[in-house]
Amino acid sequence: GVGYTRQAGNSFVCVGLAKDGNAFFNFSGIPNGVYRDAVTGREVNVTNGNLQFTVQSVSAGIYVKDGPGMIGESGAGYFEPCA
């Protein structure tokens with residue numbers, strides 16, 4: 001898997017991409033707040049600067065600080081279906 005973060009103004013995102021198998025991501029030193037995954041809608045309250053998540057093979061985790069949550073339909077395209 002490949003993971004990275006990006007910041008633009010007050011917006012912050014943690015992205016994890018998995019291709020050939022599930023991938024675990026551990027981001028540290030990130031701003032505290034509520035992060036919502038644009039793929040599954042999962043919500044995580046970060047209070048210690050750490051965000052951890054697992055991405056299923058051939059999918060992505062796109063955790064946006066104060067983001068709207070799931071974008072699009074569950075299981076659409078290459079992304080994992082939402083549980």
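Trainee: Which residues form a nonpolar patch on the surface?

Mentor: First, a word on where this comes from: this is a predicted model, in which local features need pLDDT of at least 70 and side-chain atom pairs count only at pLDDT 80 or more, while totals for chains, interfaces and linings use all residues. Residues are numbered from 1 along each chain as its sequence is written, and side-chain values use heavy atoms, with hydrogens and water left out.

Now, your patch. Val-2, Tyr-4 and Leu-17 make it up, and together they have about 240 Å² of accessible area. A salt bridge here is a side-chain nitrogen of Lys or Arg within 4 Å of a carboxyl oxygen of Asp or Glu. Areas come from the Shrake-Rupley method with a 1.4 Å probe, and for residues only the protein chains shown count as cover.

Take Tyr-4: this residue sits in strand β1, residues 2–8. Its relative accessibility is 32%, so Tyr-4 counts as partly exposed (buried is under 20% relative accessible area, exposed over 50%, partly exposed in between, with a 1.4 Å probe and protein chains only).

Stepping back, the chain has seven strands and zero helices, running β-β-β-β-β-β-β from the N terminus. Those are DSSP runs numbered from the N terminus: helices are H or I with at least four residues, strands E with at least two. Of the 83 residues, 35% are buried, and the chain's accessible surface is about 5000 Å², with 49% of that belonging to carbon and sulfur atoms.

The loops are worth a look too. Thr-40 lies between β4 (33–37) and β5 (43–46), and at 14% relative accessibility Thr-40 counts as buried. Its side chain makes a polar contact of 2.9 Å with the side chain of Asp-37 (N or O atoms within 3.5 Å; within protein, one able to donate a hydrogen and the other to accept it, and residues adjacent in sequence counting only if both atoms are side-chain atoms). A polar atom of the Thr-40 side chain also lies 3.2 Å from the backbone nitrogen of Arg-42.

Further along, Val-58 is in the loop between β6 (50–55) and β7 (59–65), and its phi is near 60°, a positive value in a non-glycine residue. Most residues other than glycine have a negative phi.

Notes:
Patches are made of residues with over 30% relative accessible area and no salt bridge: like charges are joined within 9 Å, nonpolar side chains (Val, Leu, Ile, Met, Phe, Trp, Tyr) within 5 Å.
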